[in-house]
Amino acid sequence: MRVFLAVASKDGPSAEPLLDQVARLTEDLIEQVFPVPAGTVTSARHRLAGAVLLGWGNEDGAPARPELVTATRDRAIGVTGRLLDWADVGRLLGSSSMGEVARGTRGCFSAIRIEPGGLTAVTDMTRACGIFYAQTPELHIVGNRALLVHLVARGGGPVAWDVRALQSMVRQGYFLSDETPYDGVSTLPPSSTLVVDDGTRRITTAPLPGVRPGTGSVPTSRRGRRAAIEGLAEALVETVRPLTDQVNLALTGGRDSRLMAALLHAAEVPFRVTTNGLDDHPDVVIARRIAARLGVEHNVIAPKRTERRDAVLVEHPLRRTHEVLRTCEGMTSAYESIVEYLPYSPRLTMSGQSGEILRGGFLYSQGNPAPAAMRRRVEAFFLKDEALFTEGANAHARELAAPWLERAEADPAGALDHMYVTYRVGRWHAAARAGSLRRGDAVQPFLDNRVVGAALALDPLWRRSEEVVHELIGMFAPKLRGIPLEGSEWRFMAERTPSRWESLLARRRSSAQQKSAQQQSGRQKSGTQKPAAPKGKKGAGSWNWRTSPGERLTAVLRDGVLGGVAAGDGALWEIVRKDAVEDMFAAPVLRQPALAWNLYTVGAMLSGVYPGDAPGDLDPIEVVIPT
């Protein structure tokens, strides 16, 4: 993981002593904002007239990576994330139009560059490596850790929260805007360039690729559909083709990590797979079949359980929340499971995270594809659980929703598609991935600039059908055909119109079943039929403690939100109605556990749990596994 901060003066050479002072202050603050042990961190600094670039990393000894700061006589650059070709650092450093070069650069990354009297920062198509910016009367401040930007802008602190912006964190567990939890700090949009020159800041944003509605862009033949995705297939293969070391893939029973397994198999990259869960969990069962079919090693990591093995032990919510806040800077809810810290390792890791880009973004979970239903979905993202929130919080949510609702009037599918990249990847994933970046080198083909562009150039409703992903898996690893999915079948199969022959067979099958049922009923009445054997109890394999928290964990969350955690100065009640929150927690077991965790997270933030030292020893919570 790499952390960068660049500062440019608004006042030219007269501010040189101030820049030196800011550099010293930043170096004193880094331990608060870099979520790794201080002893693992290396640093670099490059100073030019009117600007300074500082960098820190915990990747000491990682092969094939450039130095923290790459510099020439009159420029210096820091790149975070991963480039397909690290030689592109030199192109970004030397380009007179850094934004244009960044849009054509392969990888998942962001970059900050300084030159005399100014600076430039760029994001890729997903902004999964975020860039944050703020200003003071004397300085422009840009970095890839929002809290560091904020603390430097405030001369070291204390933190000033943007309470109004946090309404989105409570609703969704991440931000549906370019806001941050910190007053005066914003994040750069996807595919954007920030330039500071002569003391003035300007931001330009290139629109994401898309398909104009009504253009009939979905090929009608099997051959045509396969040809349409060849560019996407090649872009995916290119992202892993250079890999020679073994990759550890987090594999589930779903679609996206399966595609990653097929991709590695097709590119002949050595890999093994790991699955988290109980031994009879569907993810574990199906992942075991995939691994066996591809002939790769499969490891299963089971959750901690009590001695009687009738419950799991989960970290106390306050400790869990502090670590999530520390790692993700208050931009991801503690409902999410963040990868815990381990010393940095150069071993390569992959997962299927953010694969929904290839399945239509938020359309992947859109059951009804009718235009009116999609427009309602756009509004629901911003105004979820409206009755729980204050009038002011709902008014702000409507402001944020307005441009997306306007877009959805003409192109609702495109709006949901781009909202996913802009917010789910660009805000939620960008914050959550800090947990994995601090411990290793994540390879993320779904977030590569060219892959994202190739995917967004395909019709979003076609991608929603999942036929694109299904075809890609068949192209990369035909032997995986026939292995079932966890949860549901492929959407294009489930939603397709049956042929006349299939309809006839279905009617005959239904008629035969009715006749059989009538005969069975007659035998039961005559006493010749044995009573049916009782059905066995449903196993706990698919159970998840986060969605079924039980009474004890519910009580801890309730006490935290309504008592200790949210007590603070009452700022939480500027966002949500206290009476509505009390009603939400009235039942013995939570009906909306994700929302409860979001409230707990924001309440902890506002009451001063973070930033600061981790809470003292708190016993884990036992959550009973249902029988």
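**Basis and confidence**

Residues are numbered from 1 along each chain as its sequence is written, and side-chain values use heavy atoms, with hydrogens and water left out. Because the model is predicted, local features need pLDDT of at least 70 and side-chain atom pairs count only at pLDDT 80 or more, while totals for chains, interfaces and linings use all residues.

The mean pLDDT (the predictor's confidence in each residue, from 0 to 100) is 90 for the protein. A value of 70 or more is reached by 90% of the residues. Over residues 528–540 the pLDDT is below 50. Beyond near neighbours in sequence, that stretch has seven contacts in the model (heavy atoms within 4.5 Å).

**Nonpolar cores**

A nonpolar core is a set of buried Ala, Val, Leu, Ile, Met, Phe, Trp, Tyr and Cys residues joined through side-chain atoms within 4.5 Å. Buried means under 20% relative accessible area, exposed over 50%, and partly exposed in between (1.4 Å probe, protein chains only).

The largest nonpolar core has 156 residues. Leu358, Phe382 and Leu472 touch the most other members. Helix H13 (residues 412–432) gives the most to this core, with eleven residues. Helices (H or I, at least four residues) and strands (E, at least two) are DSSP runs, numbered from the N terminus. Apart from this core lies another, of 19 residues, including Phe4, Ala6, Leu48 and Leu194.

Phe382 has contacts well along the chain from itself: leaving aside neighbours within four places in sequence, the partners are Arg171, Leu176, Ala397, Leu400, Ala401, Trp404, Met419 and Tyr423.

**Helix H8**

Helix H8 (residues 256–266) is largely enclosed by the rest of the structure, because nine of its eleven residues are buried. These are Asp256, Ser257, Arg258, Leu259, Met260, Ala261, Ala262, Leu263 and Leu264. They pack against four strands and helices named here among others: helix H7 (230–240), strand S13 (247–250), helix H9 (282–294) and helix H17 (467–476). Strands S14 (271–276) and S17 (345–350) also take part.

**Cavities and a pocket**

On a 1 Å grid over the protein atoms alone, a cavity is a set of points where a 1.4 Å probe fits but cannot get out. A pocket is an open set with protein on both sides within 12 Å along at least five of seven lines. Lining residues have an atom within 4 Å of a point. Grid points are joined across faces, edges and corners, and a volume is the space filled by probe spheres set on the points.

The structure holds four cavities of 30 Å³ or more. In its classes, Ala, Val, Leu, Ile, Met, Phe, Trp, Tyr, Cys and Pro count as nonpolar, Asp, Glu, Lys and Arg as charged, and the others, Gly among them, as polar.

| Space | Volume | Lining by class |
|---|---|---|
| Largest cavity | about 240 Å³ | ten nonpolar, six polar, five charged residues |
| Second largest cavity | about 80 Å³ | four nonpolar, three polar, five charged residues |
| Second largest pocket | about 470 Å³ | 15 nonpolar, four polar, seven charged residues |

Of the 21 residues lining the largest cavity, Gly130, Phe132, Asn144, Arg145 and Ala430 are the closest to its centre. H13 supplies the largest share of that lining, four residues.

In the second largest cavity, S5 (76–83) and S18 (440–442) each give two or more lining residues. S5 gives the most, with four.

The second largest pocket is lined by 26 residues. Arg82, Trp86, Leu243, Leu348 and Asp441 lie nearest its centre. S17 gives the most to this lining, with three residues. Arg82 and Asp441 also line the second largest cavity.

**Asn144**

Asn144 sits in the loop between strand S9 (139–143) and helix H4 (146–153). It counts as buried, at 12% relative accessibility. Beyond neighbours within four places, its contacts include Arg2, Phe4, Thr80, Gly130 and Phe132.

**Backbone sites**

Two peptide bonds are cis. Gly157 to Pro158 has omega near 0 degrees, and Tyr610 to Pro611 has omega of about -5 degrees. Pro158 lies between H4 and helix H5 (167–172). Pro611 lies between helix H22 (593–606) and strand S19 (621–624).

Arg127 has a positive phi near 45 degrees and is buried, at 0% relative accessible area. Glu268 has a positive phi of about 60 degrees but is exposed, at 70%.
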